[in-house]
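Student: Could you walk me through this structure? I'd like to go through helix packing, pockets and backbone geometry.

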Amino acid sequence: MSKVHVFDHPLIQHKLSFIRDKRTGSKDFRQLTNEVGSLMAYEITRDLPLEEVEVETPIQVTTCKRLSGKKIVFVPILRAGLGMVDGLMNLIPSARVGHVGLYRDPETLQPHEYFVKIPSRPEERLFIVVDPMLATGGSAIAAINSLKQRGVSNIKFMCLIAAPEGVEALRLAHPDVDIFIAGLDEKLNDHGYIVPGLGDAGDRIFGTK
């Protein structure tokens, strides 16, 4: 079964309090979201493989360590996931970016794929799926399904906040995908919103309603 990592770092919790605050405007919301994404990325990439390389310093030749293997791919779930990408790319500028677009059927409420674009040779890369919210888990499950259908085998999922119901649904659907969360909330309400939550992440990032 997948591991669930809930971050308790003071800087993450401090910034998350302002992200939740309804008085925080779109500009600050975007900046804070990217900052939290950068902080989370440190932990998410903790187990990346390293290789030894020879480097000549101004003093002498020495052995150092660098990342080995193929580059990381960040995959935001459109559209809200886009709000976290800049912060991740600031930390790992050599990473690739894929995209998964989903829309929710107004009658069945089930997510449907309308756009997927990922780099070549996906089986050789680490994919980190990014979405600010993990509510019911439907969008995350559908996005990861789409990636696996295209040959992706190494996947992690990261979000700002999650409801226990979404975490459990994602773990059951994809037990091989580790989940990284800045804040694990209380529950979903009757309308499927995370409580206490932060509202609609997409609207708050892009200033729409």
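Student: How do α1 and α2 run relative to each other, roughly parallel or roughly antiparallel?

Tutor: Keep in mind that this is a predicted model. Helix α1, residues 10–20, and helix α2, residues 26–44, pack at an angle of about 155°, and since angles over 145 degrees count as roughly antiparallel, α1 and α2 are therefore roughly antiparallel to each other. Their axes are 9 Å apart, and α1 passes α2 in a left-handed crossing.

Student: Which residues of α1 and α2 meet?

Tutor: From α1 the contact takes Leu 11, Ile 12, Lys 15, Phe 18 and Ile 19, while α2 brings Phe 29, Leu 32, Thr 33, Glu 35, Val 36, Leu 39 and Met 40. Sorted by class, that contact of α1 with α2 has 9 nonpolar residues, 1 polar and 2 charged.

Student: OK, and what about α4 and α5, at what angle do they cross?

Tutor: The axes of α4, residues 138–149, and α5, residues 164–173, cross at roughly 25° and come within 9 Å. Angles under 35 degrees count as roughly parallel, so α4 and α5 are described as roughly parallel to each other. The crossing of α4 and α5 is right-handed.

Student: Which residues make that contact?

Tutor: On the α4 side they are Ala 140, Ile 141 and Ile 144, and on the α5 side Ala 169, Leu 170 and Ala 173. The contact of α4 with α5 has 6 nonpolar residues, with no polar and no charged ones.

Student: Switching to pockets: how much space lies in the largest pocket?

Tutor: The largest pocket holds about 910 Å³ of space. It is lined by 30 residues, of which Arg 104, Asp 131, Met 133, Ala 135 and Ser 139 are the closest to its centre.

Student: Which elements give two or more residues to that lining?

Tutor: Those elements are β4 (72–78), β6 (99–104), β9 (133–134), α4 and α6 (201–206). The α4 named here is the helix whose axis crosses that of α5 at roughly 25°.

Student: Last topic, the backbone. Where is the cis peptide bond that involves Leu 78?

Tutor: That cis bond joins Leu 78 and Arg 79, with omega about 5°, and Arg 79 sits in the loop between β4 and α3 (85–91). Another cis peptide bond runs from Val 195 to Pro 196, where omega is near 0°, and Pro 196 lies in the loop between β13 (194–195) and α6.

Student: What is phi of Arg 121?

Tutor: Phi of Arg 121 is near 50°, which is a positive value in a residue other than glycine, and Arg 121 is placed in the loop between β7 (111–117) and β8 (126–130). For context, most residues other than glycine have a negative phi, and most peptide bonds are trans.

Notes: Residues numbered from 1 in each chain as written. Predicted model: local features only at pLDDT ≥ 70, side-chain atom pairs only at ≥ 80, totals over all residues. Heavy atoms only, no water. Axes fitted to C-alpha atoms, helices over the stretch in contact; angles between N-to-C directions. Helix = DSSP H or I, 4+ residues; strand = E, 2+ residues; numbered from the N terminus. Parallel < 35°, antiparallel > 145°, perpendicular 65-115°, else oblique. Left-handed = near helix turned anticlockwise from the far one by under 90°. Contact = heavy atoms within 4.5 Å. Nonpolar A, V, L, I, M, F, W, Y, C, P; charged D, E, K, R; others polar. 1 Å grid on protein atoms, 1.4 Å probe; cavity = no way out; pocket = protein on both sides within 12 Å on 5 of 7 lines; lining within 4 Å. Points joined across faces, edges and corners; volume = space filled by probe spheres on them.
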